[in-house]
Amino acid sequence: MKTVLQKLCAGDDLKIPTLPAVGLELLRAFKDDDFSIRDLADTISLDPALSARTLSMANSALYCLPYKVTNVEKAVSMLGSNTIKNLAFSFVVIGGFKTFALDNFNMDLFWKKSIIAAVAAETIANRLRKEQKSSFIVALLMDIGRLVMHRCKSEEYQEIMKDEEEGTFDRIALERDVFDFDHQEVGGEILKKWGLPDTIYMPVRCHHMTKACPPNFRDIVMIIELSHLISIAVLDPKNPNKVVLKSLKRKFEDLFGYNVGEIKAALEDIQTKSGDVLNTVNL
Ligand SMILES: [Fe+2]
């Protein structure tokens, strides 16, 4: 039986992105508690562009150092392993998709939204003390299936985007109508192909359907759903989507008992934190 990717790309594997070796190595840092600062620095040193970016971050005005950091290990220990893992992985994944030229698709906007969602997911996971290891990556990668659908079947996917713009917001239904499958399945299959663990590809495979998700992945999917709403609200605060805001308010109230002022403060905090990551990846 054909897989979703075989149906979509008709065996043209060149259209399916691969994760660079340094990205796979970085993933170990997220899974393995024994991964030290030294290991992380060694991994980053495998990629000259990533090393340069790490050093420039450590030397940025943000840290106001009286001296220049020229050693990756020193930069990693200064910035902290968690920050550096997230920044490095975002940098590598976004770089891996640089060759994707998609018609009528704003790639920068796509990654901006993904990064805001990733920062939001990590913030919520830390606050809830749940799913702290994988939330950032799952949120960052949740919609990559859309990129591959667009690349393999550009005309059909642009039709779906047009319908969305005209007000039909149920993307999953639109995709299933045309393809018989959706971007959750495509994304999940790509991540599985990359060798990522089920703690990452399973939540991606059901990130729009918490109830249909196996029970052990429901917490992370709940976090990802909220992070998706936050990314929409943070990305375009001057043009608020009423449906999104209403849903956001209800979820924040249910989870944290936040009032309107606290929700506003939480969104501003996520906006500031995302700004640092966006600067690092040049978005
Ligand atoms: Fe999605």
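Good morning. The model before you is predicted: local features need pLDDT of at least 70, side-chain atom pairs count only at pLDDT 80 or more, and totals for chains, interfaces and linings use all residues. Residues are numbered from 1 along each chain as its sequence is written.

I begin with the overall form. The protein chain has 16 helices and 0 strands; these are DSSP runs numbered from the N terminus, with helices being H or I of at least four residues and strands E of at least two. Along its principal axes, the C-alpha trace spans about 60 × 50 × 35 Å. Of the 283 residues, 39% count as buried. A residue is buried if 20 or more other C-beta atoms, placed from the backbone, lie within 10 Å of its own, exposed if 12 or fewer do, and partly exposed in between.

I turn next to the domains. The assignment, which is automatic or from a database, gives domain 1 (18-96) and domain 2 (101-283). Their centres, taken over C-alpha atoms, are separated by 24 Å. How many residues of domain 1 are in contact with domain 2? There are 14, and they meet 14 residues of domain 2; contact requires C-beta atoms, placed from the backbone, within 7 Å. On the domain 1 side, α2 (21-31), α4 (48-58) and α6 (81-96) each supply at least two residues, and α6 gives the most, with 7 residues.

The largest nonpolar core has 72 residues, and Ala88, Ala121, Val138 and Ala139 have the most contacts inside it. Such a core is a set of buried Ala, Val, Leu, Ile, Met, Phe, Trp, Tyr and Cys residues joined through C-beta atoms within 7 Å. Helix α7 (residues 107-128) provides the largest share of this core, 11 residues. At least three residues of the core come from each of domain 1 and domain 2. Leaving aside neighbours within four places in sequence, Val138 is in contact with Ala121, Ile200, Pro203, Val204, Ile220 and Ile224.

Finally, I consider helix α14 (residues 218-235). At 1.5 Å a residue, its 18 residues should span 26 Å, and its end C-alpha atoms are 26 Å apart, which agrees; the expected span is 1.5 Å times one less than the number of residues. Buried residues of α14 include Ile220, Ile224 and His228. The helix's buried residues pack against α7, α8 (135-141), α13 (198-205), α15 (242-256) and α16 (260-280). Thank you.

Technical notes: Two residues are in contact if their C-beta atoms, placed from the backbone, lie within 7 Å.
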